[in-house]
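Here are my notes for you, written as numbered points. Keep the picture open while you read, and look for each piece as it comes up.

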Amino acid sequence: MAEISLVDTRNALDPASPLAVRGLTVSYGEKPALFSLDATFPAGAMSAIVGPNGAGKSTFLKAALGLIPRVSGEVQVFGRDVDRVRDRIAYVPQRASVDWDFPTTAIDVVLMGLYGQIGLWRRISGQYKARARACLDRVGMGEFADRQIGQLSGGQQQRVFLARALAQEADLFLLDEPFAGVDAATERAIIDVLKSLQADGRSIVAVHHDLSTVPDYFDHVMLVNLRRIAEGPVRQVFTAAALSETYGGRLGATQIDTLTLQGA
Amino acid sequence: MGPFLEALTFQAGYNAALVAIGAALLGFAAGAGGSFLFLRKRALVSDAVAHATLPGVGIAFIVMVALGGDGRSLWGLLIGSAVSAWIGLLAVEWMVRRTRLSEDAAIGAILSVFFGLGIVLLTIIQGMSRGRQAGLEDFLLGSTAGMLFQDAMLIAGGGALVVAAIWLLRRPMTLVAFDPAFAAARGVNVRRVDLAMMGLVLAVTVIGLKLVGLILIVALLIIPPVTARFWSQRAETVVWTAGCIGAVSGWVGAALSASAPALPTGPIIVLVAAGLFALSLLFAPVRGVAASLMARRAFQRRVHRRQGLLALSRAEPIHDPLTLRILRREDLIRPDGVATDTGRAAAAKVARDERRWSIARQLHHDTALTGRYDGLTPIEQVFTPDEITHFDAAIGGPNLAGGT
């Protein structure tokens, strides 16, 4: 007799993927922000989440991290429940979400990334301070360690946030619009750090708003607008048809042509 | 020794010493505990918590009398106040989460309703034939008249517990206050940390009821952190500094009121804290009023110096007397107005930085940063070395880099 299984294993989430979701639906009130979304981000890749404003990109990251409740669906990080692997995830929230007059210096912010290792009570020893400083150096902010964060520019604040994520020594980096409102030099510095993380075998998933840099920066892309429009390697998925489906009339046909030509 | 010094050195009698020690401990716990509320931008929640204690005091009294007591057990009254304050706190939280009301509106509603209910209960109690109701209204403004050793011990023990809890929870609370999304992603339970923060404030309020009263305890929770913020740019320093400011206020305030018996203790403690606040507001480095006035004068001098150097680099004549005075004092020009060697070198650097800035404005899309061009701030303080190298590359050959 054939075994009858009630569990549908045909489409089991890939346990090797750093972040895989199935049927993810999130809603604010009764209007879904994401509807029945499937995605499987590959390990060791730079992945972008792309879509128009209000498409649910940030919501996706927050729901994946369990910061907002999901109505339905399943999320797995490295094949496990997200709560069991939080130590392997570094999250860089949107810059706008923070009070920049808060009494804290750049190095204090980076040390927050080490709280998990320092523990709740132990004194912060020189060893941790040295590690925090090394992370600041890696994003080119070593000289700004003792500045109050409100005195930094937007790009510099973003670098400090990235340094805090580096301090966590995570395997999966989730970044929400890391390039929004930053200057060209900072964008360069951030992308260099992310590429070096990738070279170390870490996985990166970033919400990204600048279509023109997608083919340069990323290997894998998910186009999203409430639902998943397309997902896969940039070369296959980042097409004129998929982009116009994602953005509707918001992008002109010529814009899309230029973008996909660059990507080809 | 005057009566004030005697009180300050705990030599003005047993009761006065108890009050001074109790007030100092309470002040420390209140200052440190209130800091996290202030950092979380929820300082006014403490006002709702404090006012929500009053119905609990009334109900606890009525229950204790109904059970046959005289209704004056301090423990009973404090437990009652803690329960009703907790209910008030949860009500604020629930309204914010479940309705479209903003937190300030919820605070206003809860504060006034609970306080109104408390006053009604106190009025009913005044008309009761049983129980010893005299002195219940002391919970409004505090009183030291009947301070007993066990009351001081209650404040000391409760305060120590609160401070220990603050120390244990300081990192999660800082994380939640600064960046709740990051904290949640790290696995910190933000709601529970918020409730713990409020729980600490509630504990301070309850142990402070007897001494400062529910109306003024808010001042001890808010004024010390605001004062401490003038002195530090780091959250943890703000917390402990606020604790010390609260302790000094409690101690000096208690001593002042002990040396002049007609002065009420709670209000005097608050006024001392306000005095420290005013001093900090005026004289704190960097953020104080005097410091910003001085910074403004220094700024004016830098403007004149910079304008002078720019004029030198363009070989323009300088007429402004202040500019001339500054340049002469720094030996950048000779008394007759001709640039010295140092003056010429400084002028060349200024000219080069102007060119870097103009490149920066073209290359940099971050208006927050290029907006910091004020003609004065050295470019090295705004941009990182790699950014400046980037600008220099864009300026072109060294022949354009001007004088270095």
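1. Let's start with chain A: 47% of its 264 residues count as buried. Bear in mind as you go that this is a predicted model. Chain A holds ten helices and nine strands. Now look at its contacts between residues at least 6 apart in sequence: 67% of them join residues at least 24 apart.

2. Next, find the open sheet of three strands in chain A. Its order is β2-β1-β4, and the pairing is antiparallel. At the edges sit β2 (31-41) and β4 (72-76) of chain A, each of which pairs on one side only. From one strand to the next, the twist averages 25°.

3. Zoom in on one pairing in that sheet. Strand β1 (residues 19-28) of chain A is joined to β4(A) by four bridges, in the antiparallel sense.

4. Now for another strand of chain A. Why is β6 (residues 172-176) of chain A largely enclosed by the rest of the structure? Because five of its five residues are buried. In a regular strand, side chains alternate between the two faces of the sheet. You can follow that pattern here: A:Leu172, A:Leu174 and A:Asp176 point one way from β6(A), while A:Phe173 and A:Leu175 point the other way, and all are buried.

5. What does β6(A) pair with? Strand β5 (residues 89-92) of chain A pairs with β6(A) in the parallel sense, over four bridges, and A:Ala90 stands opposite A:Phe173. Strand β7 (residues 203-207) of chain A also pairs with β6(A) in the parallel sense, this time over five bridges. In that pairing, A:Leu175 stands opposite A:Ala206.

6. In soluble globular proteins, nonpolar side chains tend to be buried together. The largest nonpolar core here has 182 residues, and those touching the most other members are A:Ala106, A:Val110, A:Ala163, B:Ala20, B:Val49, B:Leu220 and B:Ala273. Helix α2 (residues 14-39) of chain B gives the most to this core, with 16 residues. Apart from it lies another core, of ten residues, including B:Ile326, B:Leu332, B:Ala346 and B:Val350.

7. Which residues is it in contact with, leaving aside neighbours within four places in sequence? They are B:Ala85, B:Gly88, B:Leu89, B:Met198, B:Val201, B:Leu202 and B:Thr205.

8. How do the two chains meet? 30 residues of chain B are in contact with 32 residues of chain A. On the chain B side, α8 (149-178), α9 (180-185), α12 (235-259), α17 (367-370) and α19 (385-395) each supply at least two residues. The largest share of that side, five residues, comes from α8(B). By type, the chain B side divides into 14 nonpolar, seven polar and nine charged residues.

9. Last, the layout of chain B. Its domain assignment gives domain 1 (3-284) and domain 2 (290-400). Taken over C-alpha atoms, the centres of these two domains of chain B are separated by 52 Å.

Technical notes
Residues numbered from 1 in each chain as written. Chains lettered and ligands numbered in written order. Predicted model: local features only at pLDDT ≥ 70, side-chain atom pairs only at ≥ 80, totals over all residues. Core = buried A, V, L, I, M, F, W, Y, C linked by C-beta atoms within 7 Å. Buried ≥ 20, exposed ≤ 12 C-beta atoms within 10 Å, placed from the backbone. Contact = placed C-beta atoms within 7 Å. Nonpolar A, V, L, I, M, F, W, Y, C, P; charged D, E, K, R; others polar. Domains from an automatic or database assignment. Pairing = 2+ DSSP bridges. Axes fitted to C-alpha atoms, helices over the stretch in contact; angles between N-to-C directions.
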